[in-house]
Amino acid sequence: MNNYVTIALFLDVSKAFERLDIQGLLHKLRKMNLPHPLTNILKSYLSNRHFVVGQKHSSTRPIKAGCPQGSLIGPLLYNLYTNDMTQL
């Protein structure tokens, strides 16, 4: 009789894009030795973003975390942010 073991791991990433730490991502991008112009472009893309809820009833608020949803580069940035997860 064989003694096999089955292991399952479930990750809840339902709000992963909203909780991405922008400063942490930029730090990781610098550690990856990306060219400085590319890192600066990504920093500009992720910085100084704002949101409004109900245009007549809300003031503009800064977005301090998260990756732009619906963008083509968003999933790539999330993957770069989490690529070292197994090394923790």
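Start by selecting Lys28 and Tyr81: the charged end of Lys28 sits over the Tyr81 ring, 4.5 Å from its centre. "Over" here means NZ of Lys or CZ of Arg within 6 Å of the ring centre and within 35 degrees of the ring normal.

Some ground rules before moving on. This is a predicted model, where local features need pLDDT of at least 70, side-chain atom pairs count only at pLDDT 80 or more, and totals for chains, interfaces and linings use all residues. Residues are numbered from 1 along each chain as its sequence is written, and side-chain values use heavy atoms, with hydrogens and water left out.

Now colour by pLDDT, the predictor's confidence in each residue, from 0 to 100. The chain averages 84, and 94% of the residues score at least 70. Confidence is highest in H2, at 92, and lowest in strand E1 (residues 50–51), at a mean of 82. Helices (H or I, at least four residues) and strands (E, at least two) are DSSP runs, numbered from the N terminus.

Next, select helix H3, residues 74–82.

From Asn79 to Asp21 is 58 residues in sequence and 13 Å in space, C-alpha to C-alpha.

Then go inside. The largest nonpolar core has 11 residues, including Ala16, Leu20, Cys67, Leu77 and Tyr78. Such a core is a set of buried Ala, Val, Leu, Ile, Met, Phe, Trp, Tyr and Cys residues joined through side-chain atoms within 4.5 Å. H1, H2 and H3 are the elements giving it two or more residues, and H1 supplies the largest share, four residues. Pick Leu26: leaving aside residues up to four places away in sequence, Leu26 touches Leu42, Lys43 and Leu46 (contact means heavy atoms within 4.5 Å).

Last stop, the loops. Between H1 and H2 you'll find Asn33, with a positive phi of about 60 degrees although it is not a glycine. Asn33 counts as exposed, because its relative accessibility is 68%. In the loop between H2 and E1, select Asn48: its phi is also positive, near 55 degrees, and Asn48 is exposed, with a relative accessible area of 72%.

How values were computed:
Buried means under 20% relative accessible area, exposed over 50%, partly exposed in between (1.4 Å probe, protein chains only).
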